[in-house]
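Subject: Structure for you to look over

Hello,

Here is the structure I said I would pass on. Please open it beside this message and check my notes against it.

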Amino acid sequence: MKKYAYFPGCSLEKMANSYHVSALETSKILGVELKELDDWNCCGATAYFHVDELLAHTLCARNLAIAEKEKLDLVAPCSGCYKNMYFASDHLKKDPDLAEHINNALQEDNLHFTGNIKVQHLIDVFVNDVGLNEIKSKVTQPLQNLRIAPYYGCQILRPKKDSEDVEQPRFFEDLIASIGATPVDFPLKLRCCGGALIITSRTTALSMVRNLLQNAINSGADVIATACPLCQVNLECYQKQVNQEFGTNLSIPIMYFTQLIGLAFGIPAKKLGVGTELVSAQPVLTYAEK
Amino acid sequence: MPLRPSFSEEIAGLLHATHANPIKTCIQCGTCSGSCPVAKFMDYSPRKIIAMINADLKDRILNCNTYWYCASCYYCTVRCPRGIDIAELMYALKRYSIWKNQYKEGLVGPVFSETFVKTIIKSGRSYEPVLATSYLFTFGLQEMLMEAQTATNLMLKGRIPVLPPRIKRLENFKKVIQKIIPLGKPE
Amino acid sequence: MSQSKIILIIDDDPDFVDGLKSILKKANYTVDAAYNPKDGFQALQSKRYDLLLLDIMMGRGAEGIMLARKLNKDPKLREIPVLIITGIREQMAFLFPGQAVHPHLLPVDELVEKPVEPKLLLEKVSTLLKTAETRKAQTKK
C-alpha cells in the first residue's frame, strides 16, 4: 500500500467536502493511503503572488517541509494547491539563495525544506501510480452509457512541467473509459473556468462558465467531471446566475472524478458526498444502479 | 554601473529571471491574446500590454484592468513562442500596482488580494465568509441577492464553515512570516 | 575634508533613486545606484563602498531582507554600514497597520521610512558612517 502526505487544501474542508470524502473512499479501495498532512496551512491560492511572492513560496515550503519530515510524497486534490506547491518546490530547488532564506524562516517552526519529495495531483496518483488497469479491476458497477465531459481546467497541466502533452492530453478520457463510461469530445476541456474572477470580475467569469456549460451540453455530456474544487464550484454553484445573466436554461451536474469512480466501485452515493450539490446528481446515479 | 532602467526593465526586475529582460524579446505575434479566455474583457489584450510596457506607457498601464482580469490559466505562458511567462508578468504588474498603491478605480481584485492575505496571516487558512466582505459591497442589489441565495443554499448543504479554521502552530507560523516580511505584529 | 565617501543605493524605484542621488551628491558624496538586488550584490562585490542605502520591497517581495542576510554572511561585506530605507508600511499597510520593524540584520544598520526628509537622511548617513568607523577602529585594536 503506497502512502502519501495528503494536502486537502482550504476548499476541501467544507465547500468541496464531497471531493474530500470521495477521494478517501476511492483511495481506500485502490490501496492508497492518504495521510492528512499535519497542521498544513493555506497554499496561498493566487492572491498571495499578487502581493509578495517570497511570502507565497514560504507558505508552500512550510507544507512541503512537513511532508518531508514524514518522508512522504505530497498529493493535492486541488489544481491550484498542486500548481503552487509544485512550482514553489521547483523554484526553491533552482534558487539556493531563495531556499536558504526561506529555510531560515522555517526554523521558527522547526522545519527544513530540501526538495526531496515529489508533488503530485490526486488524478496523477490515480492514473499513473495506481494505473488504469488497477482501477478497471475494482469496477463493480460500470457506468455504461454515461457520457462524461472530462474537464481538465488549467492548472493540472499548465504551466508545463516536464514533457507532458499540454495541448491534447488524453488521460482524463482514458480514466473515464476505465470505469465503463463514455468520454465525450469536449473541445473546451482545457479552457479556464474563470477561477477567482468569479469574485473579482463576476460577469467575465459567468460568461466563461456559460461557454463551458454550453460546450459540454452540446457535446452530448450527461455530466462534467472535474479534478479541482474551484472549477467545480464555479461550474456548479453559478449555473443559476449564468442562466439569469444570459437568459439561458443550462443545467448539468458537475461531479468530481473521485465521485464517479466511487459510484463505479459500488460505493454508496451518500458516502461520496452526493446530495450536497446544488445541481442534482440524481440522473447520474441511475447509471450506477443496475 | 547600471543605467536608469526603462519601465520595461523595471517590470522585468519583478520576474524570476532577472538576468535578461524577456519582455523585450516579444515579437507581437498575438498568440497570447488569441489563447486568452479573458482578452475581450480587458482594456488592452496581453499582446498590447506587452507592447505598451516596452513603449514605456506606465500611466496607462497602471490605470487599466488587464492584469487584474487575468485568471491565471497560463495558456499564454505555455504557448508563447519566445518563452515569455506572460501569466507571471501579469502577477508582476499586480504586485507593481499594489506596491505603488495605484490602480484603476472600481477594481475588486486588489482589495480581494489584500483581504485574502490578511486572513491567512491571521489563521493560516482561508475562510470564505471573511473573504466575501471584500467584494460583496461592489455588487448591485440583484447580484447581492443572488449571491446571498447561493450562499444560503450552500450553507444548507453544509458547504460553508461556521467557524474560521485555524492551524495549530499558529504562533510559529506567524514567526516564520515575520522573518520574510519584517512588519509590526499582526493583530 | 578627506576624500568623498562612496555610497551605493539599491532601490527598484528609479524616481526615488534620482531624488536620493541629488541630495547625497549635493552633500559631496559619490553615489552609485543599482536597481535590483542582483545588480546591487554584484556592485558590492566589485567595488568597495562606505555605505549602502537599501530598499526592502523589490523583485518578488521583500528581497532587501534577503540581500541584507546574504551580506551578513560575508565576512567582508557585513562590515558595510546599511541604511534601510523602506516604504513597506505604505506598500503593505493593509497587512499590518503597525510600524515597520527594524530587523537588525547587520552589525551596523538602521531603518528609516519613506518618504525621507533630506536633513534626516544626511544625519543618518553621517552617523552610520561614524559608527562604522569607530567599530573598525575598535576591531583593529
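Below are my notes, taken contact by contact and then down to single residues.

First, a caution. This is a predicted model.

**Chain B against chain A**

Start with the contact between chains A and B. Here 51 residues of chain B are in contact with 47 residues of chain A. On the chain B side, several helices take part. Helix 5 (75-79), helix 6 (86-99), helix 7 (109-123), helix 8 (128-135), helix 9 (141-156) and helix 10 (170-180) of chain B each supply at least two residues. Helix 10 of chain B has the largest share of that side, seven residues. By class, the side of chain B that touches chain A has 29 nonpolar, eleven polar and eleven charged residues.

Now look at helix 10 of chain B again. Its partner to inspect is helix 4 (residues 53-69) of chain A: the two axes come within 10 Å and cross at roughly 145 degrees. The crossing of helix 4 of chain A with helix 10 of chain B is right-handed. From helix 4 of chain A come A:Leu54, A:Leu55, A:Thr58 and A:Arg62, and they meet B:Val176, B:Ile177 and B:Ile180 in helix 10 of chain B. By class, this helix contact has five nonpolar, one polar and one charged residues.

**Helix 4 of chain A, inside its own chain**

Helix 4 of chain A also packs with helix 5 of chain A, at an angle of about 95 degrees and with the axes 9 Å apart. That angle makes helix 4 of chain A roughly perpendicular to helix 5 of chain A. A:His57, A:Cys60, A:Ala61, A:Asn63 and A:Leu64 are the residues from helix 4 of chain A. They meet A:Asn84, A:Met85, A:Ala88, A:Ser89, A:His91 and A:Leu92 in helix 5 of chain A. The contact divides into six nonpolar, five polar and no charged residues.

**Chain A against chain C**

Which elements of chain A give two or more residues to the side that touches chain C? Seven residues of chain A are in contact with six residues of chain C. Helix 4 and helix 6 (96-106) of chain A are the elements that give two or more. That side of chain A has two nonpolar, two polar and three charged residues.

Across the boundary, 21 residues of domain 1 of chain A are in contact with 25 residues of domain 2 of chain A. On the domain 1 side, helix 1 (10-13), helix 2 (17-29) and helix 5 (79-94) of chain A each supply at least two residues. Helix 2 of chain A gives the most, with nine residues. The domain 1 side divides into ten nonpolar, nine polar and two charged residues.

**Strands of chain A**

Strand 1 (residues 2-6) of chain A pairs with strand 2 (residues 32-36) of chain A in the parallel sense, over five bridges. A:Lys3 stands opposite A:Glu33 in strand 2 of chain A. Strand 1 of chain A also runs parallel to strand 3 (residues 74-76) of chain A, joined by two bridges. There A:Ala5 stands opposite A:Leu74.

Further along chain A is an open sheet of four strands, order 6-5-7-8, with parallel pairing. Strand 6 (182-183) and strand 8 (254-256) of chain A each have a single partner strand, so one side of each is left without a neighbour in the sheet. Strand 7 (residues 223-226) and strand 8 of chain A run parallel and are joined by three bridges. A:Ala225 stands opposite A:Met255 in strand 8 of chain A.

**Backbone points to check**

Most residues other than glycine have a negative phi, and most peptide bonds are trans. These places depart from that.

- The peptide bond from A:Arg158 to A:Pro159 is cis, with omega near -10 degrees. A:Pro159 lies in the loop between strand 5 (147-150) and helix 8 (171-178) of chain A.
- The bond from C:Lys114 to C:Pro115 is cis, with omega near -10 degrees. C:Pro115 lies in the loop between strand 5 (109-113) and helix 5 (118-140) of chain C.
- A:Asn145 is not a glycine, yet has a positive phi of about 70 degrees. A:Asn145 is in the loop between helix 7 (122-137) and strand 5 of chain A.

Best wishes

Note on methods
Residues numbered from 1 in each chain as written. Chains lettered and ligands numbered in written order. Predicted model: local features only at pLDDT ≥ 70, side-chain atom pairs only at ≥ 80, totals over all residues. Contact = placed C-beta atoms within 7 Å. Nonpolar A, V, L, I, M, F, W, Y, C, P; charged D, E, K, R; others polar. Axes fitted to C-alpha atoms, helices over the stretch in contact; angles between N-to-C directions. Left-handed = near helix turned anticlockwise from the far one by under 90°. Pairing = 2+ DSSP bridges. Parallel < 35°, antiparallel > 145°, perpendicular 65-115°, else oblique.
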